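Here are my notes on the model you sent over.

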Number of protein chains: 2
Amino acid sequence: MGEFELIERFFKRNQPPTLDGQAQPAINSVVLGIGDDCALLRPAPGMQLAVSTDMLVEGRHFFADVDPAALGHKALAVNLSDLAAMGAEPLAFTLALALPPERARDEGWLGAFAHGLFALADAHGCALIGGDTTAGPLNICITVFGQVPAGQALRRDGAQVGDDVWVSGTLGDARLALGALRGEWTLPPDVLASARQRLERPTPRLTLGQALRGIASAAADISDGLTGDLGHILKASNAGAAIDSKDAFHLIAFCAGPSSASDSFDKEFLLKLTLTGGDDYELVFTAPPSVRAAVQAAGKRAAACVTRIGRIEEASGLRLIDARGRATPFAARAFDHFA
Amino acid sequence: MGEFELIERFFKRNQPPTLDGQAQPAINSVVLGIGDDCALLRPAPGMQLAVSTDMLVEGRHFFADVDPAALGHKALAVNLSDLAAMGAEPLAFTLALALPPERARDEGWLGAFAHGLFALADAHGCALIGGDTTAGPLNICITVFGQVPAGQALRRDGAQVGDDVWVSGTLGDARLALGALRGEWTLPPDVLASARQRLERPTPRLTLGQALRGIASAAADISDGLTGDLGHILKASNAGAAIDSKDAFHLIAFCAGPSSASDSFDKEFLLKLTLTGGDDYELVFTAPPSVRAAVQAAGKRAAACVTRIGRIEEASGLRLIDARGRATPFAARAFDHFA
């Protein structure tokens with residue numbers, strides 16, 4: 001199959017997806033989609049354009065035998081998660097795809113990949129507006145575009161001393177699944193199945209991100225692990241933080257929670273998984289104590305659990321406060337894609 | 001070197017580049033650059049955002065031993081060329097880079113790549129606003145952003161029956177060099193050196209593209225070969241074209257022109273190189289005969305030679321008209337990245 005036929009068959013759609021009222025802005029914002037030298041976008045008046053790029057490489061970000069529908073979902077989800085962390089609403093994306101010959105010929109694989117990709121894109125009214133395909137080792141590079149009212153983006157550099165530190169959802173499931181798939185530990189089949197869903201089909205917290213505009217002082221998505229991504233906020237905001245370990249326990253992976261696999265692992269291990277695991281695509285954010293009720297209400301509106309786990313302090317670095325109130329420094333080392 | 005250190009050392013710049021007045025809009029348009037979950041862009045009022053993505057793979061788009069500064073230049077140039085073909089002015093770009101371990105450690109290679117990239121970016125006031133780096137087989141994916149006044153983009157679907165077909169510059173040099181580097185033919189060293197410059201350091205026709213706004217009815221950049229890219233215009237515009245071979249001869253590669261290597265090759269071969277070679281990054285465009293003087297004036301303003309080579313016709317397909325006025329159909333097959 002040639003390049004142009006491949007695009008035509010799997011990635012070009014004659015009709016924009018049918019969207020509900022909420023997602024309507026995307027359609028109005030795309031002036032020109034696939035098929036010209038450039039696509040043309042028109043953000044709504046008063047809106048700024050939020051842009052993010054992620055590149056996924058076989059063997060590094062996903063296993064060669066991963067379900068292609070899940071891969072299509074995740075390739076877009078990790079980008080949408082960056083929009084969520086800025087409080088932006090999705091508009092469109094471009095897809096650049098390097099395919100080895102056996103993949104370019106594999107219509108089942110391509111069809112499933114496109115299906116997983118478009119299912120998530122359609123759910124958020126996010127249109128594919130262009131891209132590139134080429135032969136080469138499997139590589140997926142998506143650039144995503146969203147819009148956010150001028151001055152309202154949730155940046156990393158806005159955390160203030162005294163702010164609370166909040167996290168959405170639960171953390172560590174993805175790392176729990178990854179370790180099992182790598183043979184680092186074993187999991188009961190039902191726990192692995194659930195954890196694997198979170199590794200392979202993460203849910204970008206778009207509604208929560210938009211609900212936090214005007215409330216959160218800073219935000220980031222958790223892709224490199226909580227301590228790493230909170231560390232990015234601390235560095236950008238020139239501050240430190242203390243995390244209460246008893247509160248952080250509430251974040252422990254859904255799948256490793258009290259009702260399932262927790263007996264197999266000790267609490268220290270689970271806490272480490274939670275704080276440093278990565279690939280969670282939840283949000284970590286800060287907000288002044290005066291808006292706690294507003295944060296809880298935003299979580300409710302977005303159907304996302306939000307947990308307060310600590311506070312921003314003047315002293316730089318990240319400290320974990322144990323049950324007896326003792327502070328131990330915590331290396332805020334993020335996942336490094338070259339390590 | 002870790003991911004974050006690599007970005008910090010080679011790709012993050014504390015100061016936006018110093019720009020002359022002409023390039024100023026880019027700085028005003030970038031609200032937030034590298035270092036957050038997303039970058040934020042604000043196109044000027046009344047402007048639409050033009051977006052294009054290109055992915056370059058080692059062994060497919062460049063040789064493994066290519067000069068890294070030339071590679072940095074070309075990776076951005078092929079994207080800027082897409083903006084040129086829309087009549088857009090550059091604002092910003094993102095860079096996603098997969099690097100094998102030996103490249104990630106090679107500071108000389110990385111420094112030269114970044115130097116070539118930023119030299120071209122700075123010349124056009126185009127700011128690096130974000131991206132991604134990861135370990136993996138060498139892959140460079142750039143997404144570029146430009147702005148164009150609403151309704152004035154040079155699209156592919158605007159060619160009208162009776163319009164002239166025009167081409168900027170000369171064509172075929174890049175293919176001439178590629179063939180010599182692949183051992184398909186030999187070239188005198190000075191001719192190879194010149195042709196190689198055009199293969200490795202193409203000049204995006206940004207000034208010409210912007211000068212053609214309101215004049216050209218359709219445009220595309222020549223990346224896949226003249227017949228292929230003109231074919232895209234014809235398909236989008238639902239029309240055909242006749243090319244006068246005597247006029248097309250004027251496009252013959254600068255380096256293979258009468259003063260140099262032309263003796264080594266027959267005219268048929270040179271014409272084929274010109275019509276189908278690819279990797280030229282010149283513009284092919286259409287305009288009504290009534291604006292011929294305006295097209296010439298736009299070329300002068302942009303310091304780019306423009307040549308009229310044929311006309312848009314109702315009958316679909318592409319025909320080459322020989323010296324005796326006989327038409328022969330020409331397969332408008334574009335370069336296929338999977339062929």
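1. Let's begin where the chains join: E3(A) and strand E2 (residues 39-41) of chain B pair in the antiparallel sense over 3 bridges. Within that pairing, Ala50(A) sits opposite Leu40(B) in E2(B). Strands (E, at least two residues) and helices (H or I, at least four residues) are DSSP runs numbered from the N terminus, and two strands pair if DSSP finds at least two bridges between them.

2. A word on the ground rules. This is a predicted model, in which local features need pLDDT of at least 70 and side-chain atom pairs count only at pLDDT 80 or more, while totals for chains, interfaces and linings use all residues. Residues are numbered from 1 along each chain as its sequence is written, chains are lettered from A and ligands numbered from 1 in the order in which they are written, and side-chain values use heavy atoms, with hydrogens and water left out.

3. The strand pairing in point 1 belongs to an open sheet of 6 strands, in the order E5(A)-E4(A)-E6(A)-E3(A)-E2(B)-E1(B), with mixed pairing. Strand E5 (127-135) of chain A and strand E1 (30-32) of chain B stand at the edges with a single partner strand each, so one side of each has no neighbour in the sheet. From one strand to the next, the twist averages 25°.

4. Inside this sheet, strand E4 (residues 89-99) and strand E6 (residues 139-149) of chain A pair in the antiparallel sense over 9 bridges. Ala92(A) stands opposite Phe145(A) there. Helix H3 (residues 68-86) of chain A lies across E3, E4 and E6 of chain A together with E1 and E2 of chain B, at about 30° to E6(A). Helix H1 (residues 3-11) of chain A lies across E4 and E5 of chain A, at about 145° to E5(A). For these angles, axes are lines fitted to C-alpha atoms (for helices over the stretch in contact), and angles run from 0 to 180 degrees between N-to-C directions.

5. How many residues does each chain bring to the contact? Chain A gives 64 residues and chain B gives 64 residues, with contact meaning heavy atoms within 4.5 Å. The buried area is about 4,900 Å², of which carbon and sulfur atoms give 62%; this is the accessible area (1.4 Å probe) that two parts lose on being put together, summed over both.

6. The interface also has 4 salt bridges by the rule, which asks for a side-chain nitrogen of Lys or Arg within 4 Å of a carboxyl oxygen of Asp or Glu. One of them joins Arg156(B) to Asp37(A), with the closest N and O atoms 3.1 Å apart. Strand E3 (residues 47-57) of chain A gives the most to the side of chain A that touches chain B, with 9 residues.

7. Chain B has an open sheet too: 7 strands in the order E8-E10-E7-E11-E9-E12-E13, with mixed pairing. Strand E8 (218-221) and strand E13 (327-330) of chain B are at the edges, each with a single partner strand, so one side of each is left without a neighbour in the sheet. E8(B) pairs with strand E10 (residues 283-287) of chain B in the antiparallel sense over 4 bridges, and Ala220(B) stands opposite Val284(B).

8. Finally, a salt bridge within chain A: the side chains of Glu107(A) and Arg9(A) meet at 2.9 Å, N to O. This pair links distant parts of the chain, with Glu107(A) in helix H5 (residues 107-123) and Arg9(A) in helix H1, 98 residues apart.
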